[in-house]
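Have a look at the picture first, then read on.

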Amino acid sequence: MTLALSALRFKPALFALALLPAMIACAGKEDGDGTARADSSTAQVIADQAAEPDWSLSGALLAGRLAYSEGDDAMAAKLLGLAREAAPGDQMLAARTLSALLASGDFKGAVALAAEIKTQGAKTPYIGFVEMVDRVKAGDFKAAKAALDSVSDDGIGRIAKPFFAAWIVLGLEGKLEPAIAALTPLNDFNGLGAAVTQHTALMEDQLGRSQQGLEHMRGAADAGAASARFIELYVEFLHRGGKVDDARAYIDQFRTANAGIAGAIADPLSERLAQPPAEGPILKTPAMGLAEAFFDLGTILQSENIEDQAKVFARLALELDPDLDISRLLIGNLMQQRERWAEAIDMYRTIRDSSIYRWSAEISVAECQQSLEDLDGAIATLQGLVKARPNRTEAVVELGDLFRREKRFAEAVDAYDQVIGAIKQPAASDWTLYYSRGVAHERNKQWDKAEPDFKKALELSPDQPYVLNYLAYTWVERRENLDEALKMLNNAVEQRPEEGFIVDSLGWAYFQLGEFQKAVTYLERAVELQPTDPVLNDHLGDAYWRVGRKNEARFQWHRSLSFKPEEDQISVIEEKLKSGLGDAKAETTTPSGG
């Protein structure tokens, strides 16, 4: 049996804002070029050749597109820039080069390119956004307004422009009413209420109307606003308003009920409350408000999987407010999504040690280290996190998952014990912890401890197909509770008919019970669903042999070997190729996976 346990690592999104899919869909066309994803070795070839002086237009263009599709923004900017030298009038190429420069963090280069291609008639909203940011940084809000006015109202401009306009008006006139009026067009879009309220409150606070701002934030919180940045800002409003008890009560909601970023920032936010509140407005300048708008829009774009533009907006946010650490977290997250793990680590570690987001960033660093197969580094990172915040569970669970995947089952059990031991009243969502510990116990040959964990997982979340699959399959192996086990496996297959490893479990159970024709039916379907899995192909070979289809059996065993099975299974499969199977009898195997 095969278990896809990685599918059980449920993690809440880092950034939560309401979305506008139909409107955002238009924004995604800016940089899409249809280039297929390449493997990392192809990207490395580009990196090795990028210094060559004799790139052709087509070579630099294709390589630049590939680098861009791989999320290698700096390389994309360089290669697309080379292509532009051969085709300076290509507006689409110019727009993509500008996007790559921005995504890589080269704002100075982006300013120069935007000025150049503007005179050539290039069409991209990034020209206006770059000019706007550059002018705001210089304190010239009149020129910033003119730059924003040049951006089309289509696509992302439909929601970006009102947010940006509000802060530019505030910087230009210093008056609240026209700034809030600039946000009015956003009332036409469902789902942006919390963001509009947040920006309204921040503008009120900046102009000395902190109490009104606090009331607006309170209303948004009561309505369910709960993004990480909203939580941080609302707590700051409460702190400065002398509502420390209210702030602690609000933080406690996330400490106890949320295992994601909202929970992770609860302790450092509480520590802030022990200090005197800072003086002055939360956002000192309209430029910082504009940075908030860029960040918020970046989170929306990320949630819509428009990753390239999300990264550009997050970079522009940092250009206006280098201390906006949550924007660094967003950029690192986007890099991680694109499998730019080393670059993501570098970005995560630019977040200040004192930041409330540093702990969450280090969790992501450990994930990237695992993806880079730096297991010692990942273990060290996670152990450091556990030591720093022993009351948080995320690092301990991640450590347990790492040990389990590396077949260090006793250490995995120790990690899960630490988390489960701290649970006073298990919730439905805790089923994954009991299930994961059950797998570690079972793989460590301690069924007497594994079985109660699986049963507890089902008690917390009945009919979970993964738990049904593992528990029922093991019962069949042990010749226990056979009728119930087959019902459970059929239940799991009904819920997950598209998951080959679950279909395989039912087929293999029938095989072990001697119902070989039934086994063939399910095992054939399992291999159709997951054709390159060595275990599933091996199982189908065994079933074919038992029903007399011996040539097909050997074919499946050969396929299984070609898909690199576990080391201890290679000799077993080779022996079957040599001698076939012995007399039909109930087979027993150890569930794989975990």
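The chain has 33 helices and zero strands. Keep in mind that this is a predicted model. Of the 594 residues in the chain, 54% are buried. If you take the contacts with a separation of 6 or more, 61% of them join residues 24 or more positions apart.

## Pairs of helices

| Pair | Axis distance | Angle |
|---|---|---|
| Helix 6 (residues 107-119) and helix 7 (residues 125-137) | 9 Å | about 125° |
| Helix 19 (residues 325-337) and helix 20 (residues 341-348) | within 8 Å | roughly 170° |
| Helix 21 and helix 22 (residues 375-388) | within 8 Å | roughly 160° |

Let's take the pairs in turn. On the helix 6 side, the contact uses Phe 107, Ala 110, Val 111, Ala 114, Ile 117 and Lys 118. Helix 7 answers with Ile 127, Val 130, Glu 131, Val 133, Asp 134 and Lys 137. Sort the residues of this contact by class and you get eight nonpolar, no polar and four charged ones.

Now for helix 19 and helix 20. How are they oriented to each other? The cross angle is roughly 170°, and an angle over 145 counts as roughly antiparallel, so that is what helix 19 and helix 20 are. Helix 19 brings Arg 328, Leu 329, Ile 331, Gly 332, Asn 333, Met 335 and Gln 336 to the contact, while helix 20 brings Trp 341, Glu 343, Ala 344, Met 347 and Tyr 348.

Helix 21 passes helix 22 in a left-handed crossing. The residues that meet are Trp 359, Glu 362, Ile 363, Val 365, Ala 366, Gln 369 and Gln 370 from helix 21, and Leu 375, Gly 377, Ala 378, Thr 381, Leu 382 and Leu 385 from helix 22. By class, that contact has eight nonpolar, four polar and one charged residue.

## A closer look at helix 21

Helix 21 covers residues 358-371, and Glu 367 is part of it. Is Glu 367 buried or exposed? Its relative accessible area is 16%, and buried means under 20%, so Glu 367 counts as buried. Thr 381 sits 14 residues away from Glu 367 in sequence, and the two C-alpha atoms are 9.7 Å apart in space.

Ala 361 is also found in helix 21. With a relative accessibility of 0%, Ala 361 counts as buried. Leaving out residues up to four places away in sequence, Ala 361 touches Leu 329, Tyr 348 and Ile 351. Leu 329 and Tyr 348 belong to the contact between helix 19 and helix 20. Between Ala 361 and Ile 261 there are 9.3 Å from C-alpha to C-alpha, although they are 100 residues apart along the chain.

## Nonpolar cores

Which residues touch the most other members of the largest nonpolar core? They are Leu 98, Phe 129, Met 132, Phe 164, Phe 294 and Phe 313, out of 114 residues. Helix 17 (residues 286-303) gives this core its largest share, ten residues. Apart from neighbours within four places in sequence, Phe 294 is in contact with Phe 129, Met 132, Val 133, Phe 164, Phe 313, Leu 316, Ala 317 and Leu 320. There's also a second, separate core with 73 residues, including Ala 415, Trp 447, Val 520 and Trp 545.

## Two loop residues with positive phi

Let's finish in the loops. Glu 339 lies in the loop between helix 19 and helix 20. Its phi is near 65°, a positive value in a residue other than glycine. Glu 339 has a relative accessibility of 48%, so it counts as partly exposed.

Asn 481 lies in the loop between helix 27 (465-478) and helix 28 (482-495). Asn 481 isn't a glycine, yet its phi is positive, about 50°. At 40% relative accessibility, Asn 481 is partly exposed.

Terms used
Residues are numbered from 1 along each chain as its sequence is written. This is a predicted model: local features need pLDDT of at least 70, side-chain atom pairs count only at pLDDT 80 or more; totals for chains, interfaces and linings use all residues. Side-chain values use heavy atoms; hydrogens and water are left out. Axes are lines fitted to C-alpha atoms, for helices over the stretch in contact, and angles run from 0 to 180 degrees between N-to-C directions. Helices (H or I, at least four residues) and strands (E, at least two) are DSSP runs, numbered from the N terminus. Contact means heavy atoms within 4.5 Å. Ala, Val, Leu, Ile, Met, Phe, Trp, Tyr, Cys and Pro count as nonpolar, Asp, Glu, Lys and Arg as charged, and the others, Gly among them, as polar. Angles under 35 degrees count as roughly parallel, over 145 as roughly antiparallel, 65 to 115 as roughly perpendicular and the rest as oblique. A nonpolar core is a set of buried Ala, Val, Leu, Ile, Met, Phe, Trp, Tyr and Cys residues joined through side-chain atoms within 4.5 Å. Buried means under 20% relative accessible area, exposed over 50%, partly exposed in between (1.4 Å probe, protein chains only). A crossing is left-handed if the near helix is turned anticlockwise from the far one by less than a right angle, and right-handed if clockwise.
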